[in-house]
Amino acid sequence: MWPTTRASGIFRDRDRVSADKDYEVEYFATKTGITPQQVKELIAKHGNQRETLEREAKALRK
């Protein structure tokens, strides 16, 4: 497991989804069965906590 701060100085937080990183948005959209646009809308509305976004994405699919 990688430390949260790597030697390169990059901070990674696995508990969050970054709306600025297309690969994170695409991965989350594929994983949860919603569109990348819906992911960005959820982030704007609910913040970027992965747990919250997963719950809200599940509600969208119903």
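The questions and answers below concern the helices of a predicted model and their packing.

In this predicted model, local features need pLDDT of at least 70 and side-chain atom pairs count only at pLDDT 80 or more, whereas totals for chains, interfaces and linings use all residues. Residues are numbered from 1 along each chain as its sequence is written, and side-chain values use heavy atoms, with hydrogens and water left out.

User: In what order do the secondary structure elements of the chain run from the N terminus on?

Analyst: Helices (H or I, at least four residues) and strands (E, at least two) are taken as DSSP runs and numbered from the N terminus. The chain has three helices and zero strands. From the N terminus on, the order is therefore α-α-α.

User: At roughly what angle do the axes of helix 1 and helix 2 cross, and is helix 1 roughly parallel or roughly perpendicular to helix 2?

Analyst: Axes are lines fitted to C-alpha atoms, for helices over the stretch in contact, and angles run from 0 to 180 degrees between N-to-C directions. The axes of helix 1 (residues 22-32) and helix 2 (residues 36-46) come within 8 Å and cross at roughly 105 degrees. On a scale where under 35 degrees counts as roughly parallel, over 145 as roughly antiparallel, 65 to 115 as roughly perpendicular and the rest as oblique, helix 1 is roughly perpendicular to helix 2.

User: Which residues in helix 2 does helix 1 meet?

Analyst: Contact here means heavy atoms within 4.5 Å. From helix 1, the residues taking part are D22, V25, E26, F28 and A29. Their partners in helix 2 are P36, V39 and K40.

User: Which residues of helix 2 are buried, and against which helices do they pack?

Analyst: Buried means under 20% relative accessible area, exposed over 50% and partly exposed in between, with a 1.4 Å probe and protein chains only. The buried residues of helix 2 are V39, L42 and I43. They cover an arc of only 100 degrees around the axis, taken from the directions from the helix axis to the C-beta atoms, which puts them on the same side of helix 2, while A44 and K45 are exposed on the other side. The buried residues pack against helix 1 and helix 3 (50-61).

User: What is the relative accessible area of L53, and which residues does L53 touch?

Analyst: L53 lies in helix 3 and is buried, with a relative accessible area of 0%. L53 and L42 are 11 residues apart in sequence and 6.6 Å apart in space, C-alpha to C-alpha. Not counting residues up to four places away in sequence, L53 touches V17, F28, L42, I43, G47 and N48.
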